[in-house]
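Visitor: Hi! Could you walk me through a few helices and how they pack?
Guide: Happy to. Let me bring the structure up.

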Amino acid sequence: MTSSETDLVRVLEADGRFTPSPAAEQYLPLIEAISDAELEQFYRDMVVIRAIDNQATNLQRQGQLALWPPSRGQEAAQVGSARAARAQDTLFPSYREHAVARIRGVDPIGIIKLMRGISHGGWDPTDPANGNTRLYTLVLGSQVLHATGYAMGLNFGDRSGTGDPERDEAVIVYYGDGASSQGDVHEAMVFAASYQTPTVFFLQNNQWAISVPVSTQTRVPFAQRSAGYGIDSIRVDGNDVLASYAVSRVALDAARAGKGPRAIEAETYRLGAHTTSDDPTKYRTSDEEESWRLRDPITRMRAFLEGRGAAGSFFDEVDAEGADAAEDLRVRTLALEPPRANKIFDHVYSEPHPLMDEQRAWREQYEASFEQPTQNASTQTGGERA
């Protein structure tokens with residue numbers, strides 16, 4: 001193995017065999033403590049969100065959405081890390097963390113509303129039902145600053161590092177290999193390291209920043225970038241849900257306990273397009289894509305569960321659940337109606353504001369100024385025709 005492979009945390013091979021890498025040894029007690037029910041939940045999470053993801057992609061192709069960013073292939077990184085977080089932790093997604101959002105309680109229709117263009121946010125991040133999940137961020141890297149600033153507030157408010165794991169909070173923020181080149185990310189790491197914030201930087205290295213390959217983004221593993229700021233960093237096989245869970249659990253526990261920020265580079269692959277406006281065949285080879293399909297996280301986890309004796313009826317049940325969730329999403333998407341016009345003014349300020357009242361009144365007067373449509377010509381002359 002190359003030096004970059006020896007420090008990669010992996011417990012499941014592509015064929016589902018449990019063969020921990022040397023770097024995974026320290027995580028084995030945690031992994032071996034995962035119950036059968038939890039293992040099955042990891043698999044269920046991945047299968048169902050992929051069915052939802054595929055349905056959303058189809059809906060965009062049918063003209064129901066303006067855009068959709070597929071997450072196919074990255075399910076293990078997201079499911080493992082999201083399941084590792086505690087209820088009191090706050091999660092800052094980018095715009096592809098569909099599994100993370102759903103696990104934390106966000107209704108996928110909220111993501112659909114955002115991508116359909118009928119909502120500015122999609123869901124209320126302050127609603128407890130949404131599991132402290134902040135809104136999607138389409139501005140690359142900005143969420144990393146938001147997350148670190150929020151984590152600084154946790155320190156200032158004695159909400160982290162108190163020694164009470166049931167109360168202490170941490171933050172995990174998701175971003176990609178392309179976003180890692182944004183200045184915002186590096187500024188966030190400076191503040192996180194300086195103030196020892198309870199931040200976990202979770203980089204999903206899916207090998208391509210739209211059409212820019214990793215080889216152009218960096219000459220060293222991304223984990224070395226964060227390590228350069230004095231942040232403890234780890235590399236994990238992002239297609240191994242067990243490894244993703246373990247490293248995320250340890251990193252979040254450490255951050256929550258006041259031990260400072262942590263960084264995780266999850267090596268995975270975007271099997272689909274960057275978004276539905278992208279054509280990856282223009283810049284990726286079929287051989288490369290096929291090599292990563294053989295490392296599919298769902299196939300890998302299924303093989304592992306089958307090797308442990310999981311019943312075929314379990315997999316049938318999960319497939320049916322995924323199909324039902326996808327169909328439910330389709331039905332509810334087609335039933336969506338345009339928002340009321342004044343909704344655009346609702347959340348510009350957190351409290352009522354006279355400027356918004358003024359603009360709302362102007363819009364209403366402007367709309368009312370249009371001449372009312374005349375009666376239909378056939379109605380006007382109907383008597384004569386009769």
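Visitor: Which helix does Thr-57 lie in?
Guide: Thr-57 belongs to helix α3. Keep in mind that this is a predicted model.

Visitor: Is Thr-57 buried or exposed?
Guide: Thr-57 counts as buried, because its relative accessibility is 19% and the cut-off for buried is under 20%.

Visitor: And what is Thr-57 in contact with, leaving aside neighbours within four places in sequence?
Guide: With those neighbours set aside, Thr-57 is in contact with Trp-68, Pro-70 and Thr-276.

Visitor: Let's stay with α3. At what angle do the axes of α3 and α4 cross?
Guide: The angle is roughly 130°, and the axes of α3 (residues 36–61) and α4 (residues 75–84) come within 10 Å. As for handedness, the crossing of α3 and α4 is right-handed.

Visitor: Which residues make that contact?
Guide: From α3 there are Gln-41, Phe-42, Asp-45, Met-46, Ile-49 and Arg-50. On the α4 side you have Glu-75, Ala-76, Val-79 and Arg-83.

Visitor: How does the contact of α3 with α4 split by class?
Guide: The contact has 5 nonpolar, 4 charged and 1 polar residues.

Visitor: How many of the residues of α4 are buried?
Guide: In α4, 9 of the 10 residues are buried, so this helix is mostly covered. Among the buried ones are Glu-75, Ala-76 and Val-79, which also take part in the contact with α3. Gln-78, Gly-80 and Ser-81 of α4 are buried too.

Visitor: Switching topic: how many residues does α14 have, and what does it reach end to end?
Guide: Helix α14 (residues 312–334) has 23 residues and reaches 34 Å from its first C-alpha to its last. That is close to the 33 Å expected at 1.5 Å a residue.

Visitor: Which residues of α14 are buried?
Guide: They are Phe-314, Phe-315, Val-318, Gly-322, Ala-325, Ala-326, Leu-329 and Thr-333.

Visitor: What covers them?
Guide: The cover over the buried residues of α14 includes α3, α6 (108–116) and α13 (297–307).

Visitor: Where is Pro-108, then?
Guide: Pro-108 sits in helix α6. Pro-108 counts as buried because its relative accessibility is 14%. Beyond its neighbours within four places in sequence, Pro-108 is in contact with Ile-52, Arg-102 and Leu-329.

Visitor: How many residues separate Pro-108 and Asp-232 in sequence?
Guide: They are 124 residues apart in sequence, and 33 Å apart in space from C-alpha to C-alpha.

Methods: Residues are numbered from 1 along each chain as its sequence is written. This is a predicted model: local features need pLDDT of at least 70, side-chain atom pairs count only at pLDDT 80 or more; totals for chains, interfaces and linings use all residues. Side-chain values use heavy atoms; hydrogens and water are left out. Axes are lines fitted to C-alpha atoms, for helices over the stretch in contact, and angles run from 0 to 180 degrees between N-to-C directions. Helices (H or I, at least four residues) and strands (E, at least two) are DSSP runs, numbered from the N terminus. A crossing is left-handed if the near helix is turned anticlockwise from the far one by less than a right angle, and right-handed if clockwise. Contact means heavy atoms within 4.5 Å. Ala, Val, Leu, Ile, Met, Phe, Trp, Tyr, Cys and Pro count as nonpolar, Asp, Glu, Lys and Arg as charged, and the others, Gly among them, as polar. The expected span of a helix is 1.5 Å times one less than its number of residues. Buried means under 20% relative accessible area, exposed over 50%, partly exposed in between (1.4 Å probe, protein chains only).
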